[in-house]
Amino acid sequence: MTVTSREWRLSARPVGEPKFSDFEFATTTLADPGPGQVLVRNDWLSVDPYMRGRMNDVESYIPPFVLGAAMTGSAVGTVVASGADAVPVGATVSHFAGWREYALVDAAAVQVVDPKLAPPQAYLGVLGTTGLTAYAGLTEVAPIQPGDVVFISGAAGAVGSIAGQIAKQLGASKVIGSAGGPEKAARLLSDFGFDAAIDYREGNLPIQLAEAAPDGIDVYFDNVGGDHLDAAIMNMNLRGRIALCGAISMYNDVELPAGPAHLPLAIGKRINLRGMNVSDHYHQLPEWIGKAAGWLADGTLRAEETVYDGIDSAFDAFTAMMNGANTGKMLVRLSHS
């Protein structure tokens, strides 16, 4: 069954904030799957901060996007044609050939997921690498101990909103989150169970954090970098732990910013600053899914989504996410006529 599919391609390396002219929205034709292949109709696409780094031609933990080729990223879809007995037509699968309507992929590169356990798009968010990142960061990278005071930046985002709820489940005595704007800060308290919320746009971040945590913080989950990391170091207790997960505040910078001004404090405070990549923690995924599915079912865990509709909206969804327009996971929902 030959299908026509629209897809996004990177046509130029962005300088600073990505522009629409850096991309091409193209149409291609896909043939029937060969032996060991499946044709997937993508139903949900994920857009994530790490994708900005892949737009640069630099060596990293994941290869950069290839100019002129379809971009890639996490997606969930339905198998519509199969050349592999293990992945039948009708199966719901997750894979890495996003940014397009249909994907012809090797069956070995897809994972069959259970849409009865949770909605399919959950495997791009709370039951996928998003949720696993939050869980691994607070159990293996910067492990929480009962009674800890925890600070999470980007707390209304995909990873941060899950991390705050996990911190409470792991026994934190107080969980503080930062977000941009009074509405998001309020939702940290009302929707995600944080104990205190900081609107970083009000400024004076170190002072706001000191007021929220007068006895200091023990664990910091960093999604933002920059001034947030500096404020955390200033307010960190002796032998505090920091999970360096992301630095979205700097991803569009043309020049490298100065490092945290108060980094020398980490020496005397014996702070552990540890970078993390979720690919090092896939062994925890079954454990996480088991816990998260139960928490979702009983209402302990809330997974928020911000949804853009249509493959043609993927660029807008990405730029909106990079500018902090989302609460929870940013997703693109595809409709097929």
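A residue is called buried here when its relative accessible area is under 20%, exposed when it is over 50%, and partly exposed in between (1.4 Å probe, protein chains only). Keep that in mind as you click along. You are looking at a predicted model, in which local features need pLDDT of at least 70 and side-chain atom pairs count only at pLDDT 80 or more, while totals for chains, interfaces and linings use all residues. Residues are numbered from 1 along each chain as its sequence is written, and side-chain values use heavy atoms, leaving out hydrogens and water. Helices (H or I, at least four residues) and strands (E, at least two) are DSSP runs numbered from the N terminus.

**First stop: helix 4**

Select residues 182-190, which form helix 4, and colour K184, A185 and L188, its buried residues. Viewed down the helix axis, these buried residues fall within an arc of 100° (taken from the directions from the axis to the C-beta atoms), so they line one face of the helix. Now turn to the face pointing away from that buried side: P182, E183 and S190 are exposed there.

Zoom in on strand 11 (residues 217-222) and strand 12 (residues 236-244): they run parallel, joined by 5 bridges. Here D222 stands opposite L244 in strand 12.

**Then: helix 2 and helix 8**

Select residues 129-141 for helix 2 and 285-298 for helix 8; their axes come within 10 Å and cross at roughly 100°. That angle makes the two helices roughly perpendicular, a term covering 65 to 115 degrees. Axes are lines fitted to C-alpha atoms, for helices over the stretch in contact, with angles running from 0 to 180 degrees between N-to-C directions. Show G131, L132 and Y135 of helix 2, which meet L285, E287, W288 and K291 of helix 8.

**Last stop: helix 9**

How many of the 9 residues of helix 9 (residues 314-322) are buried? The count is 8, so this helix is largely enclosed by the rest of the structure. Among the buried ones are F315, F318 and M321. Finish at G324, which follows helix 9 and has a positive phi, near 80°.

Terms used. Parallel < 35°, antiparallel > 145°, perpendicular 65-115°, else oblique. Contact = heavy atoms within 4.5 Å. Pairing = 2+ DSSP bridges.
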